[in-house]
Amino acid sequence: MNILLLTIILLLAVASLMIKKTVPAMISFALMMLLLGLYYMSIDAKLLGLFQIFIYAGGIVVLLLFGITIIGIEFPKAKTRPLAVVNALLVFVILSTIFFRGVDSLSKVIDKPTEDIHLFAHSFSDMVILFALIGTSLLYGTIKMTDALRSKRRKDV
Amino acid sequence: MFEIEMLFAFALFGVGLYGVTSGRDFLRILFSLEMLLNAVIMMLAITAHYLGMTQNITMAYMVIVLATLEAGVGILIFALAHKVSKMVIPDDYTQEVI
């Protein structure tokens with residue numbers, strides 16, 4: 001069941017990049033996100049699945065639609081780089097090779113009994129600071145871009 | 001099962017990387033960036049389920065938050081670039097946006 005779901009997700013991902021018309025591409029992207037949410041629910045990460053559906057299939061798709069309404073629905077045909085396929089395949093092969101070389105050591109973790117994990121205190125105390133820094137810089141970027149967009153618009157008027 | 005699902009996550013990462021590097025329009029680039037981040041979230045969720053690394057789910061929530069912010073910044077950058085140069089393909093931009 002999961003494999004079927006993942007196959008459809010992958011096909012929708014390819015379709016959202018290959019379909020030339022904007023709205024069908026957007027629909028396949030939204031469907032992909034919805035199915036990813038269902039997949040997370042099927043592997044016992046129900047809250048993550050709900051987050052995925054609400055944030056991606058809801059929020060980000062609406063945000064992208066908003067972007068399309070600003071820019072217009074027609075996109076000119078772009079020249080694609082043939083080496084990009086080789087690049088993507090190479091990364092896929094490298095990731096798979098690294099994973100299959102180390103998968104035996106990963107399976108040892110399964111045998112260990114689950115310990116009481118203090119999530120933020122033990123695992124993420126350093127990472128939270130890093131994530132907060134990245135998040136703050138992205139927020140700063142958003143504010144700066146909005147400001148720049150507004151000043152450009154004012155100049156045009 | 002674990003290995004096959006991880007392979008699907010790697011494939012999604014590959015598709016996202018293809019979209020970013022192939023030089024398409026801004027919408028496809030944003031789709032691809034979201035796919036890259038979703039591949040990472042997928043890997044975290046799969047390892048949490050099959051290897052019992054439940055702390056990875058917390059990391060996945062953080063990645064989702066950053067992906068949302070990244071989409072917001074991306075849309076604004078392209079809206080601004082379109083406002084300045086009336087183009088939607090990054091390769092065609094000839095002047096500074098800001």
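Start with the salt bridges: across all chains the count comes to two. A salt bridge here is a side-chain nitrogen of Lys or Arg within 4 Å of a carboxyl oxygen of Asp or Glu. This is a predicted model, where local features need pLDDT of at least 70, side-chain atom pairs count only at pLDDT 80 or more, and totals for chains, interfaces and linings use all residues; side-chain values use heavy atoms, without hydrogens and water. To find your way, count residues from 1 along each chain as its sequence is written, with chains lettered from A and ligands numbered from 1 in the order written.

**Stop 1: the pair in chain A.** Select D44(A) and K46(A). They form a salt bridge, with the closest N and O atoms 3.9 Å apart. Exposed means over 50% relative accessible area, buried under 20%, and partly exposed in between (1.4 Å probe, protein chains only).

**Stop 2: the pair in chain B.** Now select D25(B) and R28(B). Their side chains meet in a salt bridge at 3.6 Å, N to O. Buried or exposed? D25(B) is buried, and R28(B) is buried as well.

**Stop 3: all of chain B.** Colour chain B by secondary structure. Helices (H or I, at least four residues) and strands (E, at least two) are DSSP runs, numbered from the N terminus. The radius of gyration of chain B is 16 Å, well over the 13 Å from the globule rule for 98 residues, so chain B is more spread out than a compact globule. That radius is taken over C-alpha atoms, and the rule is 2.2 Å times the number of residues to the power 0.38. Along the principal axes, the C-alpha atoms of chain B fill a box of roughly 50 × 25 × 15 Å. Buried residues make up 65% of the 98 residues in chain B.

Show the surface of chain B. It exposes about 3,200 Å², and carbon and sulfur atoms supply 68% of that. Areas come from the Shrake-Rupley method with a 1.4 Å probe; for residues, only the protein chains shown count as cover.

Stop 4: Switch to chain A. How many helices are there? Chain A has six, with zero strands. Of its 157 residues, 32% are buried. The accessible surface of chain A comes to about 10,200 Å², and 71% of it belongs to carbon and sulfur atoms.
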